[in-house]
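Please keep the sequence and the model at hand while reading.

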Amino acid sequence: GPRSDDYRVVAAYVAAGLGVALVPDLALPAAGEMRGHIAVLHLADRHLTREVSLLSAPTLDPSLVDMVSQTITALAAGDDLDARTATDAAERGLPRL
């Protein structure tokens, strides 16, 4: 079937009756933009995953990039980071965010 990386186009395909689509909440059409043409069903209690990458400039301090990477990974795993993040930042001489 039709494919697109543009979520507005995907919503238009759905509105035209060409099928259904899974889209991130941030990509939902603005309120009223497609009202009456599509129905939005929120998938509560569903754990869908998505592969993401961390981009950084080569000029950034590698220890800062590593700390951000570890923090994001830990948050995704559900870790409580308040105390650990403060300790890691202090040990690396970085400001607490």
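## Fold and basis

Helices (H or I, at least four residues) and strands (E, at least two) are DSSP runs, numbered from the N terminus. In these terms the protein chain has 3 helices and 0 strands, and its elements run α-α-α from the N terminus on.

The model is predicted, and local features need pLDDT of at least 70, side-chain atom pairs count only at pLDDT 80 or more, and totals for chains, interfaces and linings use all residues. Residues are numbered from 1 along each chain as its sequence is written, and side-chain values use heavy atoms, with hydrogens and water left out.

Buried means under 20% relative accessible area, exposed over 50%, and partly exposed in between (1.4 Å probe, protein chains only). Of the 97 residues of the protein chain, 10% count as buried.

Leucine 48 is exposed, at a relative accessible area of 60%. Valine 20 is in the loop between H1 and H2 and is exposed, at 83%; its C-alpha lies 9.5 Å from that of isoleucine 38, 18 residues apart in sequence. Glycine 36 also has its place in the loop between H1 and H2. Glycine 36 counts as exposed because its relative accessible area is 75%, and its C-alpha is 8.8 Å from that of alanine 15, 21 residues apart along the chain.

## The largest pocket

A pocket is an open set of points on a 1 Å grid over the protein atoms alone, where a 1.4 Å probe fits, with protein on both sides within 12 Å along at least five of seven lines; lining residues have an atom within 4 Å of a point. Of its 24 lining residues, the closest to its centre are Ala21, Leu22, Val23, Leu41 and Leu43.
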